[in-house]
Amino acid sequence: MLRGAKAHTLSDPQKAPAPTDKNAEYAKKKANFVTRTIWTVLMIGTFFAAMFMGHIYIIAIVTAVQVVSFKEVIAIASVPSRIRQLRTTKSLNWYWLATAMYFLYGETVIYYFKHIVLVDKVLLPLATHHRFISFILYTIGFVFFVTSLQAGHYKFQFTQFAWTHMALYLIVVQAHFIMNNVFEGMIWFFLPASLVITNDIFAYICGITFGRTQLIKISPKKTVEGFVGAWIMTVVWGFVMTNILTRSKYFICPVTDLGANFFTGLDCDPNPVFVPTTYKMPDFVFLPPGWNLSITMSPMQIHTMNFATFASLIAPFGGFFASGLKRTFKIKDFGDSIPGHGGMTDRMDCQFIMGMFAYMYYHSFIAMHKASLGSVMELAITGLTPDEQIELVRNMARYLGNQAILGEEVLSCLDAVIPARR
């Protein structure tokens, strides 16, 4: 997996490079630039196409990124000769990944689709015992790992065990929060991702334009001026982008229909954080009488400043961490999954921590905690006896009848059916 190693030939240090060498180097750089540009356009096009086609396509992309990144990180710590001798090690790595994804995906599906899962005869047992099943699956892998230990390979096998679990936490678990952001509303996925990309672009532009002071030794090309300049531009970008995204319910509404897309849209009562509010400035002594300064914007634009600040000042340390990891293993990139760009992990190192921050921030300061259909059904199915469930149905039917939502014929049918089942 070691990349970037080049064969060197002895030559006279005073001798200038031959014209043919210059031409070959220029041709190589030009080919790399063309490849990089093509794949950049392709990735951007695929991303926006998936986002407009619907949430399920974005989830598929997140899953693919998750698996490829895990594969790249696992590979850099693997010794090919040892892996060939210990085939169970490689199989166990993928088993841990499958177990972790089963647990995390199951948690997501149960949380967001209780109203579907809990009324299905097949899915109900899997949902109610999901965590126990996940624990048993992990235990099976743990027992299999212990029984596969071989003399002379203990250090390598335990190193792989620890490395795999680190990769599961840094990649799979954090990617899980990104997926949950998609279900909460497309804005919680797109906005954080765009802030990281914007910050990376302006850090480069500001760095090469007026960067002078080195920021951190582990990444010598990063400058303080680029760091600060990118922060300012990222805040501006976030403020403007939030104003645009909050105008579309497709972006701000939680997922209620996985078949929805940008053109069919979604419908919901917007979270108050997306509703424009007029903020009046306090009266200052230097203002003439009767003057009053005010600004109208959504509270989300204020929150976006916090998102942009994290994307600018904290998320880049995910990239610095990745740089340190690559230097440890003496590699240039994590892999070659994306031609011209290196590995998938090289492009996602800052996105993982940013996605996790977006999830934590949303649920701490923005999410509206109210009863949902799924939570009420879960409480009724798991907390009430069959007789109490029947009584609940009868009382709900009576309430809906009193509200003129259900007709008398429906109530008569319920009165005829329910007693017979009791």
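Modeller: Let's start with a cut-off: a disulfide is a pair of cysteine sulfur atoms within 2.5 Å. This is a predicted model, where local features need pLDDT of at least 70, side-chain atom pairs count only at pLDDT 80 or more, and totals for chains, interfaces and linings use all residues. Residues are numbered from 1 along each chain as its sequence is written, and side-chain values use heavy atoms, leaving out hydrogens and water.

Colleague: OK, how many disulfides does a search of the whole structure find?

Modeller: In general, a disulfide is a covalent bond between the sulfur atoms of two cysteines. Here the whole-structure search turns up 1. C253 is joined to C268, with S to S at 2.0 Å. Both cysteines sit in the loop between α11 (249-252) and β3 (277-280), 15 residues apart. Helices (H or I, at least four residues) and strands (E, at least two) are DSSP runs, numbered from the N terminus.

Colleague: Why is the disulfide of C253 and C268 called left-handed?

Modeller: Because the torsion about its S-S bond is about -85 degrees.

Colleague: Are C253 and C268 buried or exposed?

Modeller: The cut-offs are under 20% relative accessible area for buried, over 50% for exposed, and partly exposed in between (1.4 Å probe, protein chains only). C253 and C268 are both buried.

Colleague: And why is C206 classed as it is?

Modeller: C206 has a relative accessible area of 8%, so it counts as buried. C350 is buried too, at 16%.

Colleague: Where does V228 lie?

Modeller: V228 is in helix α10 (residues 224-245). V228 is partly exposed because its relative accessible area is 37%.
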